[in-house]
Amino acid sequence: MARLVYFLVQALKHVRRSPIVAAVTVATVAVVFLLLGSAWVVAHNLGQLTERLETGLRLRVYLRDGADAAQVAAARERLVATGQVAELRELGAEEALARFRERLGSEAALLDVLGENPLPASLEVTLRPEGRSPAGVRALADAVRGLPAVEEVQFGESWLDRFFEALGVMRLLGWALGGLLVFATLLIVSNTIRLSVYARQEEIHILKLVGATDRFVKAPFYLEGALLGLVGAGLGLGLVAVLFQAFAAELRLPLGPGAAPLALAFPPLEAVLLFVAGGALVGWLGTFTSLWRHLRI
Amino acid sequence: MYHVHMSYGPDSRALVDVTLRIAKAEWVFATGPSGAGKTSLLRLIMLAERCEVGQLLLFGQNVARLGDRQIPLLRRRIGMVFQDFKLLPLRTVEENVSVGLEVQGKPRREIRRKTGEVLKLVGLEHKARAYPPRLSGGEQQRVAIARALVNDPPILLADEPTGNLDAGLSAEIHGLLADIHARGTTLVVATHDEDWVTSTQRRVIRLERGRVVSGGMPDG
Ligand SMILES: Nc1ncnc2c1ncn2[C@@H]1O[C@H](COP(=O)(O)OP(=O)(O)O)[C@@H](O)[C@H]1O
Ligand SMILES: [Mg+2]
């Protein structure tokens, strides 16, 4: 503990001796974490949106008009056997018509013209949360397609498929860009520590001569790097929080008729702290590469 | 009890085929013209330089091929007063002295007590909070000695400890080193202060162009 205090004091002395370099480093880390943090908040909300959309993913299996009870039972069995089904409802032809009539409201009289019920009976399948993805729904559809009782299988709207695809690409791009930014930060911290090491070559040399271990010499530099990273990330993410509060906290994302609009959310505090700790980690790694390349003791 | 026997790299010629032996609690001088290898010899003993050929025994242990991780531990048992002092200009006298204990992670109270003790020994307790660049040469010299002593090392190496001092200050340092030796510390002093060497009547290892000319062995 006393040693940690000693190292921390040394690290702070390093910062104090070159305040401008330290400030520039912190500012750079802050900008990078502002970008990363913003992307993160967007990703967090897209994740929430995805979840909401996926909750709505359903499968409708239209039954052939003349299918008998045994054939329908076989179809039901096949669905349940996949283990992906949370809820299975059979919607009779009459029920479907009633629902349709309700939807049409005042226009319902139109249906009377037809005389005969045009709607088929169907099975309404809700998936278990684990299976709620376009692929999961497709797998379930494939399980029953072609059975004698099944006329047609309908699932998700096709735009949803494309939405998920686009989301996947964006996620990949986000990771790549984020990785690049983190790498740049690492180089900047590394460079700062390099300057710090050069400014202290003589001191390092003397410490070694009076019996300091390499670890003793290096510890303040690690703390310095981690500190710069931590403060920078804290500032960057703090700025994201302020901007979010000012511009996005009140926004509601409409999800279409009938669905509750989605409120934009800031990620939970633990996740934010972890993200800021990531800044310290980047600083630590920057020091590591710097010492590895520039410290010969 | 330890003895040093070593030869040094063929190109640098700082020390050539040096064989010598120094007993525990002995006081020896290393003399010779400038560039003879006195500093190199002391640096070699504290493993600031490594011998490429030969054996170096310290505390009964062969340290010629000692691993990097062991070196700091060995250095804590050897105090060295450098010719150019090697003080940290941005730390106070007190901090300069205590650094030898800090690198070992000693408790704060012990560091404070011991630092006060050696500063008193060299007569600098009133300058504890001064910065080395503002001290006179003699004061800096004494800070360097205090730092070398703060670990209570069994061996003290002093490189020209009176090299740039006037007669009065030199006499003070002479007395101080005699006291330190009297406490049982093995003392190796590099100097070309011939008067001091003759008046002290200790063994003299004479170096010339990296070779031991005389005095390499006790009673030799
Ligand atoms: N760091 C060094 N690099 C190369 N040569 C050195 C170095 N230090 C000393 N020498 C050489 O080693 C020889 C011995 O030097 P040194 O041990 O400093 O002598 P002294 O202390 O007796 O004056 C000299 O010829 C000197 O030029
Ligand atoms: Mg010399």
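This is a predicted model: local features need pLDDT of at least 70, side-chain atom pairs count only at pLDDT 80 or more; totals for chains, interfaces and linings use all residues.

Biologist: Which protein donors does the magnesium ion (ligand 2) have?
Modeller: Donors are N, O and S atoms within 2.8 Å of the metal (3.2 Å for Na, K and Ca); water is not among the atoms, so sites may look incomplete. The protein donors here lie 1.9 to 2.6 Å from the ion. They are B:Thr39 (OG1) and B:Gln83 (OE1).

Biologist: How many residues apart in sequence are the parts that this pair ties together?
Modeller: Helices (H or I, at least four residues) and strands (E, at least two) are DSSP runs, numbered from the N terminus. B:Thr39 lies in helix H1 (residues 38-45) of chain B, and B:Gln83 is in the loop between strand S6 (78-81) and H3 of chain B. The parts tied together are therefore 44 residues apart in sequence.

Biologist: Is B:Gln83 buried, exposed or partly exposed?
Modeller: Buried means under 20% relative accessible area, exposed over 50%, and partly exposed in between (1.4 Å probe, protein chains only). B:Thr39 has a relative accessible area of 28% and is partly exposed. For B:Gln83 the relative accessible area is 37%, so this residue is partly exposed.

Biologist: How many of the residues of H1(B) are buried?
Modeller: The buried residues of H1(B) include B:Lys38 and B:Arg43 as well as B:Leu41 and B:Ile45. Just after the helix, B:Leu47 takes a positive phi of about 60 degrees. H1(B) is mostly covered, the buried count being six of its eight residues.

Biologist: Which backbone oxygen does the side chain of B:Gln141 reach?
Modeller: B:Gln141 sits in helix H5 of chain B and is buried, with a relative accessible area of 0%. Contact means heavy atoms within 4.5 Å, and beyond four places in sequence B:Gln141 is in contact with residues including B:Val81, B:Phe85 and B:Asn164. At 2.6 Å, the side chain reaches the backbone oxygen of B:Pro161.

Biologist: Why is S7(B) largely enclosed by the rest of the structure?
Modeller: In a regular strand the side chains alternate between the two faces of the sheet. On one side of S7(B), B:Ile155, B:Leu157 and B:Asp159 are buried, and on the other B:Leu156 and B:Ala158 are too. S7(B) is largely enclosed because its buried residues number five of the five.

Biologist: Which residue in S8(B) is the bridge partner of B:Leu157?
Modeller: Two strands pair if DSSP finds at least two bridges between them. S6(B) and S7(B) run parallel and are joined by four bridges. S7(B) also pairs with S8(B), in the parallel sense over five bridges. The partner of B:Leu157 in S8(B) is B:Val188.

Biologist: What is the order of the strands in the open sheet of chain A?
Modeller: Its four strands pair in the antiparallel sense. Strand S2 (85-91) and strand S4 (150-155) of chain A are the edges, since each pairs on one side only. S2(A) and strand S3 (residues 122-127) of chain A share six bridges. The order is S2-S3-S1-S4.

Methods:
Residues are numbered from 1 along each chain as its sequence is written. Chains are lettered from A and ligands numbered from 1 in the order in which they are written. Side-chain values use heavy atoms; hydrogens and water are left out. A polar contact is a pair of N or O atoms within 3.5 Å; within protein, one must be able to donate a hydrogen and the other to accept it, and residues adjacent in sequence count only if both atoms are side-chain atoms.
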